Amino acid sequence: MKHLKVIKTPDEHNAALSRLDELMDSDPAEGSQAADELELLAMLIEQYEATAFPVDMPSPIDAILFRMDQQGLKKKGLVPYIGSAPKVSDVLNGKRPLSLTMIRRLHEGLGIPAEVLIQDVERHKHYANDVDFSAYPLAEIRKRGYLPDFTGSLGELKEYADDHLGAFFASVGMTPQSSSQTMMLRTSAHQRSNDKECDAFALQAWQARVLHIAAQQKLEHSYTPGTVTQEWMLELARQSWSRQGPAIAVEYLNKAGIKVIFEPHLPKTYLDGAVCLSDSRQPVVALTLRHDRLDNFWFTLMHELAHIALHFDGNESWFLDDLDAPSSDPKEDEADALAQEVLIPAEAIPNGLPTTEAEVEALASRIKVTPCIVAGRIRRTAQDYKIFGKKFRSEKTVGKVLMAAGYLK
C-alpha cells in the first residue's frame, strides 16, 4: 500500500484525487491493500476539503423549508412549533425572528440542528445553558421600565424574552441563570434572607436594574478605599437630626464617591438593601425603602456601609440583605453590630435602652441623632411597633423627603 499522509496543499489534494480515481477504476477487492488505501485516501481528502472548502451553513428559514419538503409538511404543519398560522407566515417571510421557544420545538420536533436555527453566539449560549427566561418576572420588568428600548406588549416580551433580557443582562456583565443555576446564586453573593422562598430570578433582575442605574449615574468624586470608617459613619449618623437627613446622606455619600440607588424590591425578594461595586470600582449602595421609616432607612444605610468598611477587600461580591431575617452569617452579625454602635453607641446606654418618651428625647439629643432612630431601636428590640404610638414617627416619609430633593422619582 502506498504511504499516505495528511493532505496540506492544493497540489497534494490534486495528486490524492488522481490516485483516488485510479483506485476506483481498478475496483479493488474488499479487504485488499488497495481497498484499504482507497478508504483511507477518501477520508484524508474529505478531511482536507472540509477545511479548505467549507460549506456555508443554510439560513434558519432555508433549513425549515428543506425539512418541510423532506417530510411533506404544509405551512399549517409548523403551527405546533411556531405558534399560530400568522406567526408561521411571518417567520417564513422573514418578518418575525425565531424565539428560543420556537427553536427548541423545531429542534425537538423536526430534528433541525440547533446550531443551524441559532446562528448567534450569545443566543446559542442561552440555548445550551437551558436558560428559562419565562421564569423572570416579565410583567413587573416591563411595568417598571427595566427595558427602556422595549415598547411592545407583555406577550411580545414573553415570546422574545431571550433577546431583550439577554441584552439587558449582557449590558451590565451579568449572565442569565438556568433553573439549575439559581440554587448557586448564594455562592456568588452574601444573601441574608428569611425562611420565605426568595425568587432568585427576580433577585437577579433587580441586581441588573441597580447596575443599569449605577452605570448612568456620574459622580464628580471618585472613591478612595478606606474612606468608610466608624468615625466617618458616626459623622453621617449625626445628619439624621435634620428633617432633610436622608437627602443630606445621599449627598454625603456621593461626595465620597459612593453611588446611592433607590430601587423598589421585586415581589418575593424581600430586600431592604444591598451593596456591591460598579464597573468603575465605585461602591454602590442600593436601598428599596421596603419599610419607609426613618429608623429603617438609617439602619439599612449604616448596615450596607458597614459591609464596605469591614468586608470590602478587593474581592467584593454582592451583599443582599433582608434585615427582617435573622442572621446566620458572621459578616452580617458584624455589619449589624457596627450599624447599631454608630447609631446608638453602647457607652451612651450603660443601663440599657430608654423606656419613656422623655428618656428617648434626652438620649437622642445627647448622641445627636433623630429620636426616631432611638424609638425604632426600642421597637425592634421588643418586636412591638406600637410602642410610643404615633410619637417619634416622621411626618414626612423618607420617600417624600428624597422625592422633594430630586433623588427619587
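Trainee: Is C276 buried or exposed?
Mentor: This is a predicted model, in which local features need pLDDT of at least 70 and side-chain atom pairs count only at pLDDT 80 or more, while totals for chains, interfaces and linings use all residues. Residues are numbered from 1 along each chain as its sequence is written, and side-chain values use heavy atoms, with hydrogens and water left out. A residue counts as buried under 20% relative accessible area, as exposed over 50%, and as partly exposed in between, with a 1.4 Å probe and protein chains only. With a relative accessible area of 2%, C276 is buried.

Trainee: How many disulfides does the structure hold?
Mentor: A disulfide is a covalent bond between the sulfur atoms of two cysteines, and here the term is applied to a pair of cysteine sulfur atoms within 2.5 Å. The sulfur of C198 has its closest cysteine sulfur in C276, 16 Å away, which is too far for a bond, and C198 is buried, with a relative accessible area of 19%. The number of disulfides in the structure is 0.

Trainee: Which residues of helix α5 are buried, and why do they line one face?
Mentor: Helices are DSSP runs of H or I with at least four residues, strands are runs of E with at least two, and both are numbered from the N terminus. The arc used here is that of the directions from the helix axis to the C-beta atoms. In α5, which spans residues 85-92, the buried residues are V88, V91 and L92. Seen down the axis of α5, these buried residues fall within an arc of 90 degrees, so they line one face of the helix.

Trainee: What covers the buried residues of α5?
Mentor: Contact here means heavy atoms within 4.5 Å. Just after α5, G94 takes a positive phi of about 75 degrees. The cover over the buried residues of α5 includes α3 (60-71), α4 (79-82) and α6.

Trainee: Which residues of helix α6 are buried?
Mentor: Helix α6 covers residues 100-110, and just after α6, G111 takes a positive phi of about 75 degrees. The buried residues of α6 are L100, M102, I103, R104, L106 and L110.

Trainee: With which residues is E140 in contact, leaving aside its neighbours within four places in sequence?
Mentor: E140 has its place in helix α9, residues 138-143. The C-alpha atoms of E140 and A202 are separated by 9.3 Å, although these residues are 62 residues apart along the chain. Once the neighbours within four places in sequence are left aside, E140 is in contact with L266 and P267.

Trainee: Which element gives the most to the lining of the largest pocket?
Mentor: On a 1 Å grid over the protein atoms alone, a pocket is an open set of points with protein on both sides within 12 Å along at least five of seven lines, a cavity is a set where a 1.4 Å probe fits but cannot get out, and lining residues have an atom within 4 Å of a point. Grid points are joined across faces, edges and corners, and a volume is the space filled by probe spheres set on the points. The largest pocket has a volume of about 820 Å³, and of its 29 lining residues the closest to its centre are I213, Q217, F262, Y407 and K409. The element that gives the most to this lining, with 4 residues, is α12.

Trainee: What is the volume of the largest cavity?
Mentor: The count comes to 2 cavities of 30 Å³ or more. The largest cavity is lined by 14 residues, of which D295, F299, G376, R377 and R380 lie nearest its centre, and the largest share of this lining, 4 residues, comes from α18. The volume of the largest cavity is about 200 Å³.

Trainee: Which element gives the most to the lining of the second largest cavity?
Mentor: The second largest cavity holds about 50 Å³ of space, and its lining residues include D272, L287 and H291. The element that gives the most to this lining, with 3 residues, is α15.
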